[in-house]
Amino acid sequence: MLDRLLARLDIDPRQFRALLRTSLRIDFRTGLFAGSRKKKSKRRFPGLWQILVFYGFLGLVISFLILESGDLFFSGTSMMTIVMFSVATSILVEFQSIVVAPEDYHILAHRPISSRTFFASRMANMLVYLGVITGAIGLAPSLVYVFRDGFQPHLGVAAMLGMLGAGVFTAMAIIFLYVNLLRVIHPKKLRRVFSYLQLVLSFVVYGSGMIFSSLFNAGLVTDVDIPQESWMLLLPPTWFSSVLSIFEGRGFWLEFASILLGAGATFTLLTYAYEKLSLEYAAMIARLDETTEDQKPARPSRTMSLPMFRRNEGRAAARLIRNQFKYDQKFRMSVLAIVPLTVLYLIAGLSGGGGLADPFVDPAEHVEKANLLYFAMAFFPVLLMASLVRSDAWQASWIFHATPSDKGKIVLAVKDVLVVFFILPYLLALGVVFLFYFESIRHVLLHVFILSMLSHLILQVIVMVNPYLPFSRPSRKGERTAGIFIGIIVAAVVMTVIINVLARLIYPSAYATGITLLVLALLTLVFERLAAERVRTKTRRLQFDQ
Amino acid sequence: MIRALDLTKRFDDFTAVDHLTLTVEPGEILGFLGPNGAGKSTTVKMLTGMLQPTQGTAEIAGHDIIEYPMQVKQRIGYIPESGAMYESLTPAEYLDFVASLYHLDPELAESRFNDLLDVFGILHARDQRMTEMSKGMKQKVLISSALIHRPDVLFLDEPLNGLDANAAMVVKELLKKLAAQGKTIFFCSHILEVVERICTRIVIIDKGQTIISGTARSITEDTDSKSLEDAFSRITGIRDAGDLSNDFLAALERV
């Protein structure tokens, strides 16, 4: 029956199925939990599991909001906002190929596939993908809607319908945005624009997390009651949350107008997408991709000034990492993700008023205010190492294996480069912030010095556990999102303990502080030796075999 | 057969292919040569329906590429130089996918691709993901994917890339036999020895235009050269290779 329907729409059923099956395999087969060559995953579609786990967790968070909130329209609109945001970031950051991939042109353009069949397969692919995301996010909230006030299955259905609609609208809006930006911006430049957009979006992700936790803590979620007014038609999430109001039996003209507006906007964008999701469009992108964009010639970079980066492995590592940071947009953006996190955590600390407080003078106040800031600080080395190991340019890492360089020395040099060029400037910037709030510059210097030693220790531990060569492992879809998520949790736990011990138990005593400095210095030396030994042993086994 | 008439492709103010006219008869293997950036790939992309010509037209297997692109695509097989494939698939999945696009019966397709993979000695890897395969193994899958639907016209852009000597020999013999069966073969390569050995005719282009065409022997004689390689370097105007290599060595010896 489906074949007949497709044929009537002038879509080739066999080609449609083959294209859809293949694109789903490609999307869901790669992912964080995908098996390596040595350690094969038992799961056929690791990417799918990764999406289900990650977005399922997000759905659980939304469920709490729905349980706490008394207002259906407020909880529904919040849920739609989160769904739209998740779909947008997911497509922009990890799954741009859902919109259109230049590779399609190289592989498919010489095959006898009509534009309509290609479009239909792309649309179906997107719908499946959106179905998986919204299904994963929406399962728990829909169940909460069903059972929250008695048994109301229609509300569960409405939540799912609304979320799917919100997802489709967002995807279509992204296509619209993408296509129109491509008219004025070169694809390579556009990718850079999206990377910066990713940075801005991370502000929103971390920011909304903070706002939600503040709302929960203040008990505000229970009290929010938003009246539906006509200005709300300007907010797309309300178009889809209105489905809940209608299913609840509150079907006034405004709710119907909202739904009509949402459906109309989605249909208009869908019609627009029909002209764009074609192989001809993929050809245009591929062609643009192959042409070089106008760029000013790069200035030759200065030689490394520190003695340890002037020669041999140290020089090679410093040259590679600094240049990758300069030219590899993905790496640069991964590293810069620390900026929004730090800024938002700083704002969160300062939002209560009274500044950050000096930990040597008022440890309790400092811990309370700056706790989040230390999460970011502890997370930075984790983020750096995670961003540094995986790369799209991983195949170039044969050079480490084919030259007589000492792989152990490279790994250790990488750690030093990260400390000198990334961790220290970051901590110095934090030091500048501390200057405004600490009572003495001596306190700032001592505190930043101790934090630097701690960061270095974290890097040493990471290097000991995973001594990988820089940019030597292939990137995987979804890994960054999941990696950041896990990293933040670990950093939060570790740093809560450390900063409490430091500020409450050690800083009040000069003697204890001195001992701590000595212990940290000793630990650094011991770990350096241990790391060198372990790295040497482990790197001997490293092969270029991914 | 392939018939291109006045084929031209312009990208803004850059002319990649400039009024190119050529014919390749069934049973012929045409060696299509040129230095980097000469317009070879753009020509192939136009002939395979991947790019629209700015001017001129072409006929493949009796169908106009602009009027009847689908009919053209049904009759051609193409091996791109980039070797682009969906590498997260296994060879079996990829070949099944390609066969479906040409509407081959699944059982027939499976037996055919099993045979092709067997000939290339990689049947044991048919269910292994291509991300884990060597370049040569992937190239064998790519060649199989271009032949699976038994096309009348073949466009091959550096088809021997990454192949071992035995597999390369198989492909060369295969091309000769396909030509003998009446297939039309358009062969782009920088390996001039191979072109000289298997191509029945050669066209050399530069800056989008044909500079010379004929058999390997006629081109060598017409340009008063010792070999096809020598003729190629003369007519595409590079500096003397001996001088260049001396400059290279001098750079290495600088202390």
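Which residues of H5(B) are buried? They are Met137(B), Lys138(B), Gln139(B), Lys140(B), Val141(B), Leu142(B), Ile143(B), Ser144(B), Ser145(B) and Ala146(B). Buried here means that 20 or more other C-beta atoms, placed from the backbone, lie within 10 Å of a residue's own.

A quick word on the model: it is predicted, with local features needing pLDDT of at least 70 and side-chain atom pairs counting only at pLDDT 80 or more, while totals for chains, interfaces and linings use all residues. Residues are numbered from 1 along each chain as its sequence is written, and chains are lettered from A and ligands numbered from 1 in the order in which they are written.

Back to H5(B), then. Helices (H or I, at least four residues) and strands (E, at least two) are DSSP runs, numbered from the N terminus. Ten of the 13 residues in H5(B) are buried, and the cover includes E6, H3, H4, E7 and H6 of chain B. Contact means C-beta atoms, placed from the backbone, within 7 Å.

Next comes the sheet. Six strands of chain B make an open, mixed sheet in the order E6-E7-E8-E3-E9-E10; strands pair if DSSP finds at least two bridges between them. E6(B) and E10(B) sit at the edges with a single partner strand each, so one side of each has no neighbour in the sheet. E9(B) and E10(B) pair antiparallel over five bridges, with Ile205(B) opposite Thr210(B).

| Helix | Strands | Angle |
|---|---|---|
| H5(B) | touches E6 and E7 of chain B | about 165° with E6(B) |
| H6(B) | lies across E3, E7 and E8 of chain B | about 145° to E8(B) |

Note on methods: A residue is buried if 20 or more other C-beta atoms lie within 10 Å of its own, exposed if 12 or fewer, and partly exposed in between; C-beta atoms are placed from the backbone. Two residues are in contact if their C-beta atoms, placed from the backbone, lie within 7 Å. Axes are lines fitted to C-alpha atoms, for helices over the stretch in contact, and angles run from 0 to 180 degrees between N-to-C directions.
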